[in-house]
Amino acid sequence: MRLGKYLTFVSAIFVCLMIPIVISADEAEIANLHKERQTSIKPIDVDKKMKRFTYDSGYEFEYPDAVRGIYVTGNSAGGSRFDKLVDLIETTDLNSMVIDIKEDHGNLTFKPEEGSPYEDIGKNYIDDPKKLMKTLEEKGIYPIARIVVFKDTVLAKKRPDLSFTKNGKVWTNGNGDAFVSPFQKEVWEYNVEIAKKAAEMGFQEIQFDYVRFPEGFEHRDEELNYSLGDYKDADMNNIKKRVEAVTDFVAYAREELSYYDVDVAVDIFGYAATLEETPGIGQNFSRISKNVDVISSMIYPSHWTSYFGIEKPDMEPYKLVSEYAKVENEVLGKLEDPPVSRPWIQDFEAPWLYSGPTKQYGKAEVEAQIKALYEHDIHEFLLWNAGNSYTENVDYKVGLTK
């Protein structure tokens, strides 16, 4: 009998060891305290072993047939407009929201817990994040957290040593925006820790925006003061150093977020796909694409010059998107494991381009862009409208044959 009981006990232990483990939010902090254990034989790197396990936020979301989403500000997510945006998704073929978690100025759109190192940058736009996530879960709306990285006036003013300065003051662009430097690994950590909070909140994907240096930086490189950090002694020119820093950040972010089992996405300028690498902002389309699950090119027709032989791209949304898609497909087709392509498309007007009447973007213009994407086997897209006012009665599967 004793032998039988012993064998039963051993069998029970074996079975328990074979059961996959999902670590809860409460247990995650405890797990972090045990980074490495020492046996009498050799050390065990628990970090590597923990990659088999994933964080469980407690929410259940399914990746849709294809992400068709809209941009949502913190104000909209936490305000009266939210119900209207939910209704838009429920009554159309849209299915996802990209919600600001760290916005363009550098603030969080919610108040973190008391004592958090991010407490001073939290705004009460989303006053009840748990209620928000629960609503998204109940409605089957796929949640994506947008985190603006290197455009960060709040952090730049607080920590000029992490920013770019001129004549002893933090440099700002023509819009009054300040940036922090991609060379600074402290900035990497600062933003990735916010991304982890978003994952813990239940977001299924982290979308990093402004993963770059300020526009036109190649013309300001010599006049601004900043630290090159670990890239100071790198045997490459400044253009290559910028590309290296931006690419390294993306790889770092993906590795750090692997425990949370979230997809990692990066917003990137559309024209970056047409160049080997951008000389000023440090974006290399192919190298960034190798380090993300989703690449989201911003291909708003209004933001192009006479690329692709189109004199006025804003006037020809179908042609612009079609020509861009050809280029992107060629670039991504050369990668061994390409990411999902999910471009940002235009649902807004661009009055700054016109001296007379502005080209209006309505149902026909939005559908023209979607149709062009589908025709080139790009089945995911995101709609941008800064005020979150989207065109009604759009067929979001127009021209879809597959």
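The model is predicted: local features need pLDDT of at least 70, side-chain atom pairs count only at pLDDT 80 or more, and totals for chains, interfaces and linings use all residues. Residues are numbered from 1 along each chain as its sequence is written, and side-chain values use heavy atoms, with hydrogens and water left out. The protein has 402 residues, and 50% of them count as buried (buried is under 20% relative accessible area, exposed is over 50%, and partly exposed is in between, with a 1.4 Å probe and protein chains only).

**Overall make-up**

- The secondary structure comes to 12 helices and 15 strands (helices are DSSP runs of H or I with at least four residues, strands are runs of E with at least two, and both are numbered from the N terminus).
- Among contacts with a separation of 6 or more, 75% join residues 24 or more positions apart (contact means heavy atoms within 4.5 Å).
- The protein exposes about 20100 Å² (accessible areas come from the Shrake-Rupley method with a 1.4 Å probe, and for residues only the protein chains shown count as cover).

**Helix 5 with helix 6**

- Helix 5 spans residues 81-90 and helix 6 spans residues 129-139.
- Their axes come within 12 Å and cross at roughly 20 degrees (axes are lines fitted to C-alpha atoms, for helices over the stretch in contact, and angles run from 0 to 180 degrees between N-to-C directions).
- Helix 5 and helix 6 are therefore roughly parallel to each other (angles under 35 degrees count as roughly parallel, over 145 as roughly antiparallel, 65 to 115 as roughly perpendicular and the rest as oblique).
- Helix 5 passes helix 6 in a right-handed crossing (a crossing is right-handed if the near helix is turned clockwise from the far one by less than a right angle, and left-handed if anticlockwise).
- Helix 5 contributes F82, V86 and E90 to the contact, and helix 6 contributes L132, T135, L136 and K139.
- By class, this contact of helix 5 with helix 6 has four nonpolar, one polar and two charged residues (Ala, Val, Leu, Ile, Met, Phe, Trp, Tyr, Cys and Pro count as nonpolar, Asp, Glu, Lys and Arg as charged, and the others, Gly among them, as polar).

**Helix 8 with helix 9**

- The axes of helix 8 (residues 185-201) and helix 9 (residues 238-256) come within 10 Å and cross at roughly 35 degrees.
- Helix 8 passes helix 9 in a right-handed crossing.
- On the helix 8 side, the contact is made by W188, E189, V192 and K196.
- On the helix 9 side, the contact is made by A245, D248, F249, Y252, A253 and E256.
- The contact of helix 8 with helix 9 divides into six nonpolar, no polar and four charged residues.

**Helix 11 with helix 12**

- The axes of helix 11 and helix 12 (residues 363-375) come within 8 Å and cross at roughly 25 degrees.
- Helix 11 and helix 12 are therefore roughly parallel, and their crossing is right-handed.
- P317, Y318, V321 and S322 of helix 11 meet E365, A368, Q369, A372, L373 and E375 of helix 12.
- By class, the contact of helix 11 with helix 12 has six nonpolar, two polar and two charged residues.

- I126 lies in the loop between strand 6 (96-102) and helix 6. I126 is buried, with a relative accessible area of 3%.
- I126 and L108 are 18 residues apart in sequence and 9.4 Å apart in space, C-alpha to C-alpha.
- Not counting residues up to four places away in sequence, I126 touches G74, A77, G78, I99, D100, T109, F110 and L132.
- D100 lies in strand 6. D100 counts as buried, at 3% relative accessibility.
- D100 and R146 are 46 residues apart in sequence, yet their C-alpha atoms are 4.8 Å apart.
- Leaving aside neighbours within four places in sequence, D100 is in contact with Y71, V72, T73, G74, T109, I126 and R146.

- K312 lies in the loop between strand 12 (294-298) and helix 11 (317-333). K312 counts as exposed, at 54% relative accessibility.
- K312 and S302 are 10 residues apart in sequence and 8.4 Å apart in space, C-alpha to C-alpha.
- F308 lies in the loop between strand 12 and helix 11. F308 is partly exposed, with a relative accessible area of 25%.

**Positive phi**

- Phi of F308 is near 60 degrees, a positive value in a residue other than glycine.
- N388 also has a positive phi, near 60 degrees, and is a residue other than glycine.
- N388 lies in the segment after strand 15 (381-384). N388 is buried, with a relative accessible area of 1%.
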